[in-house]
Amino acid sequence: MAVPIAVRSHGANLYAVAGGQGVLLVDAGWPRSLPDLKAGLEEAGLRLSAIRFVMTTHAHPDHAGLLQTLKRRSGVRRIVHQAQLRSLDDLNRFFERKPDRHYEPVVIDGEDLIVGRPNRVALAGIGIDGEILETPGHSDDSVSLLLASGDAFTGDLTRPDWATPESADAVAASWRDLLSRGAVRIWPGHGGPIAAGVIAELLRAGA
Ligand SMILES: [Zn+2]
């Protein structure tokens, strides 16, 4: 079951996915947004301690800013796609120049679950029935979590009709991959959910 978690005051959607070994949080918000995250979780009837795993759809500040904080505060296990190892380093460097943001640099260690492609078996090992797919377009390191239920958590993967000319091909290819693998309901990083049929129609219109 997917529970959308709205993080107040920051505009990004985080999502809580109930798995066999605890809740997986899809995306961690801005640095210092832990009070907002806690409030959002409480509105959904969840405590921070229910979160056992966290992944990020991409290493932008509003999606990955709390990855280290969550590990330090509640020992969550991070699920990191290999495509994101370099971009998380880039995020650390980005914040080195902004000490006033109180960002905690992501330090990958042996407790983190690093996944490549495919990763369905690795996710099954932590009680999640689904797969993390590389869905570039918004950024090179963007991934989506596609559950067997058809729920797809796509981060900032741009709507096909909003893509720039430079990214349109990559965006369309990522959506086609998600749809062909069974995405039914899209839960984006910003804005409300979208039916997969709407995306399919936009792809047809733009083709
Ligand atoms: Zn982004």
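Student: What volume does the largest cavity have?

Tutor: Rolling a probe the size of a water molecule over the atoms shows where empty space is left. In this predicted model, the largest cavity has a volume of about 30 Å³. The structure holds 1 cavity of 30 Å³ or more.

Student: Which residues line the largest cavity, and how do they divide by class?

Tutor: The lining is formed by Val7, His10, Ala12, Leu14, Gly29, Trp30, Ser33 and Asp62. By class, 4 of the lining residues are nonpolar, 3 are polar and 1 is charged.

Student: Is His63 buried or exposed, and with which residues is His63 in contact beyond its neighbours within four places in sequence?

Tutor: His63 has its place in helix α2. The residue has a relative accessible area of 0% and is therefore buried, the cut-off being under 20%. Leaving aside neighbours within four places in sequence, His63 is in contact with Asp27, Ala28, Gly29, Thr56, Thr57, His58, Asp156, Gly189 and His190. Two of these contacts link the sites already discussed: Gly29 is in the lining of the largest cavity, and His190 is among the residues nearest the centre of the largest pocket.

Student: How is a helix such as α4 to be read, and which of its residues are buried?

Tutor: An α-helix has 3.6 residues a turn, so residues three or four places apart point the same way. Helix α4 spans residues 85-96, and its 12 residues reach 17 Å from the first C-alpha to the last, close to the expected 16 Å. The buried residues of α4 are Ser87, Leu88, Leu91, Asn92 and Phe95. Because they cover an arc of only 155° around the axis, they lie on the same side of α4. Their cover includes α2 (61-64), α3 (67-74) and β5 (77-81). The face turned away from this buried side carries the exposed residues Arg86 and Glu96.

Student: Where does Gln82 lie, and which residues does Gln82 contact beyond its neighbours within four places in sequence?

Tutor: Gln82 is found in the loop between β5 and α4. Apart from neighbours within four places in sequence, Gln82 is in contact with Ile114, Val115 and Gly116. The C-alpha atoms of Gln82 and Ala148 are separated by 22 Å, the two residues being 66 residues apart along the chain.

Conventions. Residues are numbered from 1 along each chain as its sequence is written. This is a predicted model: local features need pLDDT of at least 70, side-chain atom pairs count only at pLDDT 80 or more; totals for chains, interfaces and linings use all residues. Side-chain values use heavy atoms; hydrogens and water are left out. On a 1 Å grid over the protein atoms alone, a cavity is a set of points where a 1.4 Å probe fits but cannot get out, and a pocket is an open set with protein on both sides within 12 Å along at least five of seven lines; lining residues have an atom within 4 Å of a point. Helices (H or I, at least four residues) and strands (E, at least two) are DSSP runs, numbered from the N terminus. The expected span of a helix is 1.5 Å times one less than its number of residues. Buried means under 20% relative accessible area, exposed over 50%, partly exposed in between (1.4 Å probe, protein chains only). The arc is that of the directions from the helix axis to the C-beta atoms. Contact means heavy atoms within 4.5 Å. Grid points are joined across faces, edges and corners, and a volume is the space filled by probe spheres set on the points. Ala, Val, Leu, Ile, Met, Phe, Trp, Tyr, Cys and Pro count as nonpolar, Asp, Glu, Lys and Arg as charged, and the others, Gly among them, as polar.
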